[in-house]
Amino acid sequence: MNRRNFLKSIALTGAAITIKESGATTLMSQHFNQAAGETSGAGAYDLVAVLGGEPAAMFRRAITEMGGMGKFVSKGQKVAVKPNIGWDKVPELAANTNPELIREIVKQCFDAGASEVVVFDHTCDDWRKCYANSGIESAAKAAGARMVPADQESYYKPVSLPKGKSLKTAKVHEAILNADVWINVPVLKNHGGAKMSISMKNLMGIVWDRRFFHANNLQQCIADISTISKKPVLNVVDAYRLMKNNGPRGRSEADVVLSKGLFISQDMVAVDTAATNFFNQVRDMPLADVAHIGIGAAMNIGTMELDKLKIKRVKI
């Protein structure tokens, strides 16, 4: 495949996408056609995919199609929002979740009546620099959220994972445990060890001891933490920019594709399957290589059978 200049058309359970790539960025023309038998009516969908817009606009359309934020956040509830903020990188390098998406999600939570919204991640680089330079701290605070640190073990409490195979217990951040509901907002990117970092992988940022994952079958442990009883009410995959190479940290803008996509579902396995299919348009990444997704399906965390889901596809 010529990665500097190619045209490729694919189908994501009936949705044709054409991508033209030149250099480090991608120009994408989407032909998102409603599949035969697709269910109509807002709120009837298991998964919504939106292409072609800015982050906030794509989320507004996606959450409307899912039935509105009020379906997931009730008046008076405390909400935790968990982006990927792991790296001391600016938004253009796609190592972290897009800050404008986080701003819109926080706003929508408050519009739905949330009493409090907290935003956090257990970062890899210095948390203060990650929060600031990702743009997420300023965006979240502007929308009324409170940023909380995650750099001390005292912030984490033991949680049992009775369905886990390699990971039986984990210390989970109190922001998740104290919230009434939480929203998982990963960025779509390549990962050296896990192959892909999406919704399931993003849960490593809610635990204290990530070294255990890497020492005890990383792919299985990612699936194990995804069995946590307090699952996110929404998984919002930021694919506005995706990192195609050298993840999870990345090296330069050459690793980044401007793909202008967003996927949303309550099913982590399904949304990670759809997002990986999307990622395959810029780099080959067989689903079988992203073993934690298949393990998650086998553990009944969710489904990879997208053709059995009600999916809405939107082109902005």
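Student: Is the crossing of helix 1 and helix 2 left-handed or right-handed?

Tutor: In this predicted model, the crossing of helix 1 and helix 2 is right-handed.

Student: What else describes how helix 1 and helix 2 pack?

Tutor: Two packed helices are described by the angle between their axes and by the distance between those axes. Here helix 1, residues 55–65, packs with helix 2, residues 99–111, at an angle of about 40°, and their axes are 8 Å apart. That angle makes helix 1 oblique to helix 2.

Student: Which residues of helix 1 and helix 2 meet?

Tutor: From helix 1 come Pro-55, Ala-56, Phe-59, Arg-60 and Ile-63, and they meet Glu-100, Leu-101, Glu-104, Ile-105 and Gln-108 in helix 2. The residues of this contact divide into 6 nonpolar, 1 polar and 3 charged.

Student: Which residues in the largest nonpolar core touch the most other members?

Tutor: As a general idea, nonpolar side chains in soluble globular proteins tend to be buried together. In the largest nonpolar core here, which has 96 residues, those touching the most other members are Met-69, Ile-105, Ile-183, Leu-188, Val-236, Phe-263 and Ile-264. Helix 9, residues 268–279, gives this core its largest share, 8 residues.

Student: With which residues is Val-236 in contact, leaving aside its neighbours within four places in sequence?

Tutor: Its contacts include Phe-59, Leu-101 and Ile-105, as well as Ile-183, Phe-263 and Ile-264.

Student: Why is helix 8 described as largely enclosed by the rest of the structure?

Tutor: Helix 8, residues 218–225, is described in that way because 8 of its 8 residues are buried. Those buried residues pack against strand 9, strand 12, helix 6, helix 7 and helix 10.

Conventions
Residues numbered from 1 in each chain as written. Predicted model: local features only at pLDDT ≥ 70, side-chain atom pairs only at ≥ 80, totals over all residues. Heavy atoms only, no water. Axes fitted to C-alpha atoms, helices over the stretch in contact; angles between N-to-C directions. Helix = DSSP H or I, 4+ residues; strand = E, 2+ residues; numbered from the N terminus. Parallel < 35°, antiparallel > 145°, perpendicular 65-115°, else oblique. Left-handed = near helix turned anticlockwise from the far one by under 90°. Contact = heavy atoms within 4.5 Å. Nonpolar A, V, L, I, M, F, W, Y, C, P; charged D, E, K, R; others polar. Buried < 20%, exposed > 50% of the residue type's maximum accessible area, 1.4 Å probe, protein only. Core = buried A, V, L, I, M, F, W, Y, C linked by side-chain atoms within 4.5 Å.
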